[in-house]
Amino acid sequence: MFDSLVRFVREQYGTNEYIPLHAPVFRGRERELVLDTIDSTFVSSVGAYVDQFEKDIAAFTGVPRAVAVMNGTAALHAALKLAEVKPGDLVVTQSLTFVATCNAISYCNAEPLFVDVDRHTLGLSPSALEAWLDEHAFIDDHGNCLTLAEHRRIRACLPMHTFGHPVDLDALISVCDRWHLVLIEDAAESLGSYYKGRHTGGFGKIGVLSFNGNKIMTTGGGGMLLTDEQTGKRAKHLTTTAKIPHPYEFVHDEVGYNYRMPNLNAALGCAQLEQLPTFLDSKRTLAMRYIQFFKNADLQPIVEPDGCHSNYWLNGVICRDKVQRDALLKATNDAGVMTRPVWTLMTRLPFYTHALQGPLSNAKWLEDRVVNLPSSVLPAGA
Ligand SMILES: *Cc1c(COP(=O)(O)O)cnc(C)c1O
């Protein structure tokens with residue numbers, strides 16, 4: 001089985017060399033636009049490409065305003081600040097995620113509150129959240145959601161669209177509304193993914209994208225906040241040192257951040273974004289081939305949830321058990337085909353073992369079984 005998987009992956013990429021999990025591809029105007037930026041001397045935090053990139057991402061995702069920053073983690077940090085997450089607050093999130101989601105919470109001196117994921121979305125479970133809140137929380141006279149035990153404020157909910165598969169947004173939004181939680185979407189992996197026809201990242205107060213080198217398109221390093229006009233204005237201010245516009249004076253009205261995406265990176269982003277529709281087509285083609293390949297195997301390919309259109313950023317399978325997972329990881333990696341298990345649960349990391357948490361049985365079940373498979377955009381013509 002694993003031999004035929006290795007052969008299948010090699011056929012897709014047409015190579016006997018090492019096959020990475022996800023490599024960027026530069027087949028468009030990347031060189032042209034980056035060189036143009038150098039020639040212009042506007043390589044840093046001000047320039048035409050960074051403004052253009054924001055407009056183009058806003059248009060692609062259908063949000064009123066997009067604000068470019070230097071990486072997805074910075075975008076998450078700024079988003080939580082803009083959601084008024086204060087020191088000591090709790091922010092609901094999932095333990096099955098990349099550590100950046102939780103780091104951003106910690107940067108605010110807030111703490112994560114972990115609830116379980118759903119097996120079919122791999123993302124935060126609305127019913128698990130509702131169950132935890134019903135048992136452990138109440139709304140006070142000021143409309144704050146507080147824990148019963150210590151009266152700690154639960155300010156926001158930060159779900160993550162795992163591998164590009166959208167969480168159950170309708171149900172999650174109604175739980176957040178009932179419990180007065182601000183919804184922030186970690187859409188770092190889901191550029192090009194839609195829930196009921198609308199782009200992910202546009203449902204909460206703020207959505208966050210990443211353009212790290214391993215994402216569906218890259219700016220080298222980069223991130224974006226997706227939001228409404230008013231919050232977008234605040235976001236731009238906060239991420240550009242909170243400077244009050246003035247022809248020549250330097251006055252700042254709060255402690256801001258130097259998080260602006262450099263124009264040089266945005267130039268790369270503009271060139272990559274032109275190819276995004278092609279990348280998305282390629283990824284869907286590859287995903288359908290994987291699904292077909294695993295049709296009669298006892299490995300379950302991870303497929304987009306009902307009502308969703310995923311970008312299939314990373315393909316994955318769910319193994320029977322940990323023994324089969326480990327055998328798959330060893331056979332493929334030994335054969336020069338890179339595969340990886342899912343992240344170690346956040347609740348196992350030493351700095352989060354004592355965090356508040358509900359039952360995490362689905363997250364643990366998935367942690368033992370998920371393997372990600374090579375998912376780079378296919379070679380041209382393949
Ligand atoms: C990539 C990623 C981020 C942000 O990463 P950066 O490298 O800081 O751009 C955040 N959350 C998730 C789930 C990610 O996959």
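In which handedness of crossing does α4 pass α5? The α4 passage over α5 is a right-handed crossing, and the legends below take this pair in turn with other close-ups. The model shown here is predicted, with local features needing pLDDT of at least 70, side-chain atom pairs counting only at pLDDT 80 or more, and totals for chains, interfaces and linings using all residues. Residues are numbered from 1 along each chain as its sequence is written, and side-chain values use heavy atoms, leaving out hydrogens and water.

**View 1. Helix α4 packs against helix α5.** The angle makes α4 oblique to α5 (under 35 degrees counts as roughly parallel, over 145 as roughly antiparallel, 65 to 115 as roughly perpendicular and the rest as oblique). As for the right-handed crossing of α4 and α5, a crossing has this name if the near helix is turned clockwise from the far one by less than a right angle, and is left-handed if anticlockwise. From α4, T73, L76, H77 and L80 meet A100, T101, A104, I105 and Y107 of α5; contact means heavy atoms within 4.5 Å. By class, the α4 contact with α5 holds six nonpolar, three polar and no charged residues (nonpolar: Ala, Val, Leu, Ile, Met, Phe, Trp, Tyr, Cys and Pro; charged: Asp, Glu, Lys and Arg; polar: the others, Gly among them).

**View 2. Helix α2 packs against helix α9.** Here residues 30-40 form α2 and residues 263-293 form α9, at an angle of about 155° and with axes 8 Å apart. That angle makes α2 roughly antiparallel to α9. The crossing of α2 past α9 is right-handed. On the α2 side, look for E30, L33, V34, T37 and I38; their partners in α9 are N263, L264, A267, L268, C270, A271, Q272 and Q275. Sorted by class, the contact of α2 with α9 contains eight nonpolar, four polar and one charged residues.

**View 3. Helix α6 packs against helix α7.** This close-up pairs α6 (residues 126-136) with α7 (residues 169-178), at an angle of about 20° and with axes 9 Å apart. The two helices are therefore roughly parallel. A left-handed crossing takes α6 past α7. P126, L129, E130 and L133 of α6 make the contact with A171, L172, V175 and R178 of α7. In this α6 and α7 contact, six residues are nonpolar, none is polar and two are charged.

**View 4. K215 sits in a loop between two strands.** The strands on either side are β10 (206-210) and β11 (223-227). K215 counts as buried because its relative accessibility is 11% (buried means under 20% relative accessible area, exposed over 50%, partly exposed in between, with a 1.4 Å probe and protein chains only). Setting aside neighbours within four places in sequence, K215 is in contact with H22, A188, E189, S210 and W313.

**View 5. E229 belongs to helix α8.** This helix spans residues 229-238. With a relative accessibility of 47%, E229 counts as partly exposed. Not counting residues up to four places away in sequence, E229 touches P64 and R65. The C-alpha atoms of E229 and R27 are separated by 33 Å, and the two residues are 202 apart along the chain.

**View 6. T41 and K196 have positive phi values.** T41, a residue other than glycine, has phi near 70° and is found in the loop between α2 and α3 (48-61). Its relative accessible area of 61% makes T41 exposed. For K196, also a residue other than glycine, phi is near 45°, and the loop that holds K196 runs between β8 (194-195) and β9 (198-199). K196 is exposed, with a relative accessible area of 55%.

Definitions and conventions
Helices (H or I, at least four residues) and strands (E, at least two) are DSSP runs, numbered from the N terminus. Axes are lines fitted to C-alpha atoms, for helices over the stretch in contact, and angles run from 0 to 180 degrees between N-to-C directions.
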